[in-house]
Number of protein chains: 2
Amino acid sequence: MRIGGRHYRTIFLHEDGWSVQVIDQTLLPFVFELRRLASVEAIAHAISAMTVRGAPLIGVTAAYGLALAVRAAPDDQSLRHAHRLLAATRPTAVNLRWALDRMLAAVAPHPPSERCERAYAEAAAMADEDASHCAAIGRHGLALVEAAARRAGSRPVSILTHCNAGWLACVDWGTALAPVYAAHDAGIPVHVYVDETRPRNQGASLTLFELTAHGVPCTLVTDNAGGHLMQRGAVDLCLVGSDRTTRRGDVANKIGTYLKALAARDNGVPFHVALPGASIDWTLEDGAAIPIENRSEREVTHVTGRGVGGDVIEVVIAPEGTRAANPAFDVTPARLVTSLVTERGIAHASEAGLVALYPEHAKQAGLRPAETAS
Amino acid sequence: MRIGGRHYRTIFLHEDGWSVQVIDQTLLPFVFELRRLASVEAIAHAISAMTVRGAPLIGVTAAYGLALAVRAAPDDQSLRHAHRLLAATRPTAVNLRWALDRMLAAVAPHPPSERCERAYAEAAAMADEDASHCAAIGRHGLALVEAAARRAGSRPVSILTHCNAGWLACVDWGTALAPVYAAHDAGIPVHVYVDETRPRNQGASLTLFELTAHGVPCTLVTDNAGGHLMQRGAVDLCLVGSDRTTRRGDVANKIGTYLKALAARDNGVPFHVALPGASIDWTLEDGAAIPIENRSEREVTHVTGRGVGGDVIEVVIAPEGTRAANPAFDVTPARLVTSLVTERGIAHASEAGLVALYPEHAKQAGLRPAETAS
């Protein structure tokens with residue numbers, strides 16, 4: 001993505017060749033600032049404090065965290081410590097565990113003297129792969145937007161999205177927003193309704209920032225508004241991301257996604273979920289088994305924004321002594337998902353649909369490949 | 001309701017005997033301050049700026065607005081002007097029109113010299129009636145909470161509510177919260193999940209304030225969280241208010257209500273709507289015909305709260321130049337409503353159900369009273 005005429009990924013090596021640069025997403029949309037992360041502890045903090053967030057980006061950032069740990073000390077104990085530290089940062093996104101396991105598999109079999117080079121090479125490969133997977137999600141998802149454009153006739157295609165599943169959630173392009181960028185770049189007029197996405201407002205702060213920077217027309221709405229917009233025919237399709245998808249197609253995504261999926265079903269609006277294969281948890285059938293992260297009460301009782309003086313500040317919106325609950329994700333059952341848009345193509349939200357695209361997981365899913373065509 | 005040991009209604013006559021005192025609800029929960037309103041223009045502004053809000057309270061406030069207009073000039077032109085001015089303040093709540101028409105009917109037939117006294121008497125009667133209707137809603141709704149308490153066994157009954165349909169939305173007691181107060185006062189342990197209710201956060205600011213002042217245990221959640229809570233079995237029943245109910249039982253209420261009703265249906269959670277008869281629009285069948293107020297973009301892009309210095313301030317949460325859409329209400333179709341709790345009892349959300357309780361409207365609803373028992 002281009003910011004101020006320069007191409008950026010959300011994570012890249014510092015010019016020193018070993019430390020990591022990320023965009024500090026807690027300051028957006030008001031300040032665009034890079035953060036240099038030079039230790040596994042700094043990486044772990046950046047993930048848990050949401051300096052970086054979004055399932056794919058969390059995975060790649062954790063991979064670099066392991067590389068930094070190996071650079072500091074390449075022994076087995078250091079690897080194990082880094083794996084444990086990083087895995088504990090966020091419980092819901094499965095990419096995190098997937099990325100750490102992949103790094104371990106790439107690094108651990110080699111003698112300590114070779115591990116540092118292997119680790120950086122694997123992390124870089126994962127970053128490149130995430131960018132190319134997201135580009136592929138964009139190409140496959142474009143067909144869904146094109147179909148909606150044919151139904152829409154001369155008016156722009158109206159897309160509703162929740163939270164941020166754009167390039168800021170990934171290394172580049174994004175998942176849910178990749179088809180939006182692909183359609184916009186292909187000359188299809190699109191308009192995006194952006195849920196503000198309380199409590200952390202990633203829609204208002206990140207998705208609006210991204211879409212506006214790319215020139216895509218968009219309108220901010222409260223999380224409460226989407227049902228009404230769908231009732232009144234103002235939404236052609238919903239496109240969201242996923243933090244973890246079970247092998248049967250249940251989708252854990254930012255809290256509130258389930259409510260939009262219910263409204264889409266009630267109003268006959270297609271509800272598509274875009275995700276890289278790395279966020280499929282082949283070990284789980286039922287979304288109810290996905291651990292849901294509970295974050296701090298303060299995220300609910302306080303809101304961050306820019307004050308009249310221009311500084312980014314916090315205000316409290318509830319009476320003193322207020323107790324809050326803050327589940328960060330919910331699970332949308334596969335029955336409410338129209339399709340899963342992956343880097344390999346578009347799948348029906350079911351075990352058969354997913355295994356057809358990922359036959360290497362057929363055994364894990366307990367299906368024979370022959371069954372997957374049904 | 002008691003605030004700091006003193007009993008308050010949300011609207012009452014000033015000690016001068018003619019001007020009106022209201023609680024400035026834009027300052028809550030941080031500041032409890034009364035506003036004196038001494039002209040119809042001041043009343044109209046207080047309604048449109050949401051110094052007072054909530055369908056029942058809007059109706060009674062408008063009634064006093066007409067009384068102030070009559071006091072200033074009791075002629076027909078003054079009456080018509082006041083009616084037009086007040087009716088234009090908020091388009092969705094039907095109580096407003098109902099209250100103004102009732103005031104006109106009570107005042108207009110009398111000679112100008114008698115109108116002032118008639119107007120104040122009618123407004124006072126409407127205020128008393130609203131308080132007694134809300135108390136009756138509490139008594140009828142108590143049965144629903146009692147039933148949930150029997151199912152809940154030894155744990156507290158968990159109730160989810162959206163926006164503020166408490167005493168601050170009415171003259172006293174509230175609609176949706178009246179059964180909660182009745183249950184709490186009857187010794188039934190209850191706990192309320194309070195939707196923050198973006199964009200104006202009436203849940204976080206008003207409902208939490210009310211419940212806490214009354215000693216009812218409550219937890220603030222984002223508007224996004226309710227679906228997840230219901231999926232996990234954390235909600236025994238939903239209780240919300242209504243700004244306008246069609247004669248077939250479709251309910252216009254604060255934006256986002258529809259999403260919670262969908263989640264309740266999907267999870268087998270009872271979804272009850274509490275309303276005084278005055279908010280039933282007997283002229284409308286279909287909720288899609290209810291005019292939905294669109295409010296300012298600024299309510300979405302800006303959030304009001306208390307800063308670290310203690311002052312109540314605004315912060316902006318979106319990038320400069322953001323466009324926002326701000327529909328203030330949505331319509332929950334009758335099929336998603338378990339029951340309508342009124343001052344006359346509990347009705348099925350249907351024309352037959354409502355006419356059974358309000359037989360005087362049978363003709364208007366196009367039903368013979370005999371049909372209403374079916």
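Chain A and chain B are linked by 4 salt bridges. A salt bridge here is a side-chain nitrogen of Lys or Arg within 4 Å of a carboxyl oxygen of Asp or Glu. One salt bridge joins the side chains of B:Glu196 and A:Arg198, at 2.5 Å from N to O.

This is a predicted model, in which local features need pLDDT of at least 70, side-chain atom pairs count only at pLDDT 80 or more, and totals for chains, interfaces and linings use all residues. Residues are numbered from 1 along each chain as its sequence is written, chains are lettered from A and ligands numbered from 1 in the order in which they are written, and side-chain values use heavy atoms, with hydrogens and water left out.

**Between the chains**

In chain A, 62 residues are in contact with 62 residues of chain B. Contact means heavy atoms within 4.5 Å. The area buried between chain A and chain B is about 4500 Å², and carbon and sulfur atoms give 62% of that area. Buried area is the accessible area (1.4 Å probe) that two parts lose on being put together, summed over both. A:Asn224, A:Leu259 and A:Ile317 supply 15% of the area that chain A buries against chain B, more than any other three residues.

**Helix pairs**

Two packed helices are described by the angle between their axes and the distance between the axes. Axes are lines fitted to C-alpha atoms, for helices over the stretch in contact, and angles run from 0 to 180 degrees between N-to-C directions. Helices (H or I, at least four residues) and strands (E, at least two) are DSSP runs, numbered from the N terminus.

| Helix pair | Angle | Axis distance |
|---|---|---|
| α1 (residues 40-48) and α2 (residues 55-72), chain A | roughly 165° | within 8 Å |
| α4 (residues 94-107) and α5 (residues 112-152), chain A | about 140° | 9 Å |
| α6 (residues 178-185) and α7 (residues 202-214), chain B | about 20° | 11 Å |

Angles under 35 degrees count as roughly parallel, over 145 as roughly antiparallel, 65 to 115 as roughly perpendicular and the rest as oblique. α1(A) and α2(A) are therefore roughly antiparallel to each other. Their crossing is left-handed. A crossing is left-handed if the near helix is turned anticlockwise from the far one by less than a right angle, and right-handed if clockwise. α1(A) brings A:Val40, A:Ile43 and A:Ile47 to the contact, while residues from α2(A) include A:Ile58, A:Thr61 and A:Gly65. The contact of α1(A) with α2(A) has 7 nonpolar, 2 polar and no charged residues. Ala, Val, Leu, Ile, Met, Phe, Trp, Tyr, Cys and Pro count as nonpolar, Asp, Glu, Lys and Arg as charged, and the others, Gly among them, as polar.

α4(A) passes α5(A) in a right-handed crossing. Among the contact residues are A:Trp98 and A:Arg102 of α4(A), and A:Arg115 and A:Glu122 of α5(A). This contact of α4(A) with α5(A) holds 9 nonpolar, no polar and 5 charged residues.

α6(B) also passes α7(B) in a right-handed crossing. B:Val180, B:Tyr181, B:His184 and B:Asp185 of α6(B) meet B:Glu210, B:Leu211 and B:His214 of α7(B). The contact of α6(B) with α7(B) divides into 3 nonpolar, 2 polar and 2 charged residues.

**Backbone details in loops**

A cis peptide bond joins B:Leu28 and B:Pro29, with omega about 5°. B:Pro29 is in the loop between β4 (20-23) and β5 (34-37) of chain B. The bond from B:Arg198 to B:Pro199 is cis, with omega near 10°. B:Pro199 sits in the loop between β7 (190-195) and α7 of chain B.
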